[in-house]
Amino acid sequence: MHRSYTRDDVIALAKEQDVRYLRLQFTDLLGVIKNVEVPISQLHKALDNKIMFDGSSIEGFVRIEESDMYLYPDLSTWLVFPWHGSEGRVARLICDIYMPDGTPFPGDPRGILKRNLELMKAMGFTAMNVGSEPEFFLFKLDEHGNPTTEVNDQGGYFDLAPVDLGENCRREIVLVLESMGFEIEASHHEVAPGQHEIDFKYTDALTAADHIMTFKLVVKTIARQFGLHATFMPKPLYGINGSGMHCHQSLYIGGDNAFYDERDELGLSEIARHYLAGLLTHAKGFTAIANPIINSYKRLVPGYEAPCYIAWSGKNRSPLVRVPASRGLATRLEVRSPDPSTNPYLVIALMLRAGLDGIEQKMGLGSPVNRNIYVMNEVERVRAGIHSLAANLREALDDLANDDVMREALGEHAYTHFYEAKMIEWDMFRTAVHPWEREQYLTLY
């Protein structure tokens, strides 16, 4: 989807496509998309990196006394939205965040991913490829246009209309994504009623993270046009599967997949095995980023296909990391724990750094677990050396605090602000009185 555009290309495209407004887009620390919208008359100023915004108003950025920040557009991300109102067409450029002195802002999630990619290149790798599978739910709106928790179908895995009543909405999302340059590989109903998945082709890590943010925007926009609300909340309904965002990843050296070795029994290179060992070693450390909200841990429970045990396998889907069957250029590792509430720039950065640490330290990889871990009892899991991911956000934050490599991958600014924001979220949840408590205890005691 991203192409190499020059400054002159962007100016010409804006005129040719009759663009009236420009959104300078970025992502805050918690993974929420933000933008500064300017009339197209300000295009030259934007291309000169002169558009400023108040960083103190953005979650996880800076204090009010150091608030001035600048938007540096990445010209390769030029895109004209296929929808527009009466005011005219709108384009977007994804931006990196810079300080007034011209240095990159250390808390910019996109910049954090770039820093870790530079470390990867310094180790001799030329690219990290990522393919993601973000799932989402479609819910009906009430008469006031507010979201409900009423699903618009009772479909199941791979069901079709009329059972899958979200099919038309999902098809339109696919058409819009394709018009924006996405290469869609699959689109289907997921396991739970109202749950959907659209898979798009893997690409380099930075573009993949940009794609995920654009994908979320498109899904929510098109769903509204169909009178529906799309949510990437991990577990919106009790008793059914939650939404994941499995991340397939591999490292390349030139045109060769560094994870493939035809001489190996499983077709995995020593690099892939060390990388996988790094993922398992730091899994607890990156869980607070991969699963960043209170609700994430309602999904990470046994019995609903979400991985909550730290193990790997080439055969079954209950461990944290799976090795898909494809080999050659398609050899890859699938990390199954992230959910779609994660900040894609941060989670990709931390998974990469975990794998690189495994390579640097030449970490040994234990045996695969080819049994269904969900049916193993605790004694069996302990004997197999299988540990659990955090059971709640507070435990995950403690695990992050205790992992120096993951903290370094984030950088001190991002780590400190993320940790503080999430501890506030945890304390709000911990001290709130929830409906379940009143249902259980109000009349009993």
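Visitor: Which residues does Phe 136 touch, not counting residues up to four places away in sequence?
Guide: This is a predicted model. Contact here means heavy atoms within 4.5 Å. By that cut-off, and leaving out residues up to four places away in sequence, Phe 136 touches Ile 173, Gly 194, Gln 195, His 196, Ile 198, Phe 215, Val 219, Ala 230, Thr 231, Phe 232 and Ser 243.

Visitor: How many residues does the largest nonpolar core have?
Guide: Phe 136 is among the residues with the most contacts inside this core, as are Ile 173 and Phe 286. Another core, of 24 residues, lies apart from it and includes Trp 78 and Ile 97. The largest nonpolar core has 92 residues.

Visitor: Is helix α7 mostly covered or mostly uncovered?
Guide: Helix α7 runs over residues 283–290. Its buried residues include Phe 286, Thr 287 and Ile 289. Phe 286 is also one of the residues with the most contacts inside the largest nonpolar core. With seven of its eight residues buried, α7 is mostly covered.

Visitor: What share of the 445 residues of the chain count as buried?
Guide: Buried means under 20% relative accessible area. By that cut-off, the share of the 445 residues that count as buried is 53%.

Visitor: What is the radius of gyration of the chain?
Guide: The chain has 14 helices and 19 strands. For 445 residues the globule rule gives 22 Å, and the chain comes close to that, so it is as compact as a globular protein of that length. Its radius of gyration is 22 Å.

Conventions
Residues numbered from 1 in each chain as written. Predicted model: local features only at pLDDT ≥ 70, side-chain atom pairs only at ≥ 80, totals over all residues. Heavy atoms only, no water. Helix = DSSP H or I, 4+ residues; strand = E, 2+ residues; numbered from the N terminus. Rg over C-alpha atoms; globule rule 2.2 N^0.38 Å. Buried < 20%, exposed > 50% of the residue type's maximum accessible area, 1.4 Å probe, protein only. Core = buried A, V, L, I, M, F, W, Y, C linked by side-chain atoms within 4.5 Å.
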